[in-house]
Amino acid sequence: MKLTIFTKIVLVICLLLVSTLLLYSLTNRSSVRLIKQEIQRVKLNELTFLAGDIDNNLSKISSFSDFLVLDKDVRLLATPSFLEGDFELNKLKLRVSDKLNLLHALNNWNAEFTVIYADDGAAFSSPSSASKLSDLDLEAHFRPFWQYEANGDGVSMTYYLAHPYTFRFDPEEVSYVVKARIDIKNVLDYLDRAKGTNENGPFLFSSAGDVLASDTAKLPFLRELPPRLEVGDQGSGNRLIKLDGEQYLVNFSALGNFKDWYVADYTPIDEVLNPIYANQRLYYFSSVFLLLFSILLALLLYRDVQIPIRKLIWGVKKITSGHYTITLRQESNDEFAYLFDRFNEMSREIKELIEKVYMEQIRSKEAKLRQLHSQIQPHFLYNSLAFIKSMAELDEKQAVIDMSMSLSRYFRQSIKFENTFTTLREELELVRLYLTIQSLQMDRFVFSVDVEERLLDLQVPRLLLQPLAENAILHGIEPLRKVGDIRISGHVDGDYCEVSVSDNGSGIEPGRLAPLRNAIYYGADENTAWALHNVYERLNALLGPDAEMELGNGELGGLKVTLRWNIAAEREGTGA
């Protein structure tokens, strides 16, 4: 299938749009994937740094506890009997209290330190209230890491060390305990400061399901995240979690000094990707706009270019097929309007030129026919006069009268060349006179005319049937050794009139029929059937291109020539 220019342009536009959309989709997908990966990496690095900072603070406070356990003043208070009087004891207690307050002031999280003695239940503490050693569940609290506690003093992180400072813990041998306590509010304040301008700050969660966050309004939401993380034994990482129809990137990192606890943060992916999605929507909107614009452009091209081109092609095909009256119309005032005007002008000129040439050919054929007729007339007249002379010598008065009357009427009809057309009635009358004269001369053939009455007033070219009758006599009747028979018939077949001339001669051999038709239809041989070829051309020229001449052997045994032409227009004009 050959593609038109319009089809190629539309295909190019579609390919450009599709390729652009595919390229953008692939690029956008890669960009989103890279941005997600970068967000995961950056957020995880930030969270890992935060977890490290928390661990550093807890390690620092733990080291303060280690200092207190090994401090000589703290150990000396465990054996007050070795002191010299109450004055020394009070001085020692004051020094221990100063050290506790100093350590309280040195840490960032306002950790409180307490020393609890076993013998007399004495306790020295920084600002918080003191406890008794008997109140402590040493088996539960003595762990080498920070612990989460929720009691009457509130929610806190605690760290315990006992003296003697050994790897093997025995509650019976404990002389005193150093307790470090961090109020959880201080930790949450630290987390709140750590979030900076980020709306979604970090939070703490444990494997047991506890969640600590500075923004208490978000606690119900935050409590749903840890179960979905499925942390397992993983120290740090991130997960993409879909919650309430929105996707979140959740990063987590384990705290080394706060066992089974993790620091985590979350980022709504859509918030980060919204600018990209906005650009994506803008691009898709622009693509839709370009598509609609391309469709509009294609329609304009189709209307202003493709349709005029198709009209021109259609007009050229019509002219090629012989329809020279075709006229093209173009409403717009553009280049195609100029082409259409030139095309219509060319069509008119071709039509006029063909009509001129055609009419010249018709006049030439008429001239040849008249020349032929004038050549035949003297010979025909000589034979007729010779027949009259012979009949007069034989005293055949009636034959002389018949010949004279037929000859006079025949010449009166045959010399009417001022009009190209005559009625079928007059043409048949001329043929009757001609056959009558020939039958009087030859006296060995008969003829009959059987034409429907309604056809007699039809307009036909002059000398349309006489050449057929003459051809029947010359080639059909003269070679016969028996009485000849010529029949002329005519009838209506639908919208067509059929008139045939047949004889009972020897007919034509099948092998000669095709060459004879070529000679008649195309003038292939000027020496063969020239009269029939002339009749055929005049039939087509004057009665329409659908007029036909058929040749074949008829029912009488000889050649049958049938003329057929359309009479619908003439019948409508006459109301028949």
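Analyst: Buried means under 20% relative accessible area. That cut-off applies throughout, and the model is predicted.

User: What makes helix 12 (residues 466–477) largely enclosed by the rest of the structure?

Analyst: Ten of its twelve residues are buried, so helix 12 is largely enclosed. Each of those ten falls under 20% relative accessible area. They are Gln466, Pro467, Leu468, Ala469, Glu470, Asn471, Ala472, Ile473, Gly476 and Ile477.

User: Why is strand 4 (residues 154–163) called mostly covered?

Analyst: The same cut-off decides it. Eight of the ten residues in strand 4 are buried.

User: How do you know that strand 4 pairs with strand 3 (residues 147–151) and with strand 5 (residues 176–183)?

Analyst: Two strands pair if DSSP finds at least two bridges between them. Strand 3 and strand 4 have five, and run antiparallel. One of the links joins Ala150 to Val155 in strand 4. Strand 4 and strand 5 have eight, and also run antiparallel. There, Tyr159 has Ala180 of strand 5 as its bridge partner. Both pairs therefore meet the requirement of at least two bridges.

User: What makes strand 12 (445–451) and strand 16 (548–553) edge strands?

Analyst: Start with the order. Five strands form an open sheet, 12-14-15-17-16, with mixed pairing. Strand 12 and strand 16 each have a single partner strand, so one side of each has no neighbour in the sheet. From one strand to the next, the twist averages 10°.

User: How do you know that strand 15 (residues 496–503) pairs with strand 17 (residues 559–566)?

Analyst: Seven bridges join them, in the antiparallel sense. Pairing requires at least two. Ser502 is bridged to Lys560 in strand 17.

User: What does helix 11 (residues 424–442) touch, and how does its direction lie relative to strand 12?

Analyst: Helix 11 packs on the sheet and touches strand 12, strand 14 (484–493) and strand 15. Touching here means heavy atoms within 4.5 Å. The direction of helix 11 makes about 170° with that of strand 12. Helix 14 (residues 530–543) lies across strand 16 and strand 17, at about 145° to strand 16.

User: Why is a space called a cavity, and how many of 30 Å³ or more does the structure hold?

Analyst: A cavity is a set of points where a 1.4 Å probe fits but cannot get out. The structure holds four of 30 Å³ or more. Of its 13 lining residues, the closest to the centre are Asn200, Gly201, Pro202, Ser214 and Asp215.

User: What kinds of residue make up the lining of the largest cavity?

Analyst: Five are nonpolar, three polar and five charged. Gly counts as polar in this scheme.

Technical notes
Residues numbered from 1 in each chain as written. Predicted model: local features only at pLDDT ≥ 70, side-chain atom pairs only at ≥ 80, totals over all residues. Heavy atoms only, no water. Buried < 20%, exposed > 50% of the residue type's maximum accessible area, 1.4 Å probe, protein only. Helix = DSSP H or I, 4+ residues; strand = E, 2+ residues; numbered from the N terminus. 1 Å grid on protein atoms, 1.4 Å probe; cavity = no way out; pocket = protein on both sides within 12 Å on 5 of 7 lines; lining within 4 Å. Points joined across faces, edges and corners; volume = space filled by probe spheres on them. Axes fitted to C-alpha atoms, helices over the stretch in contact; angles between N-to-C directions.
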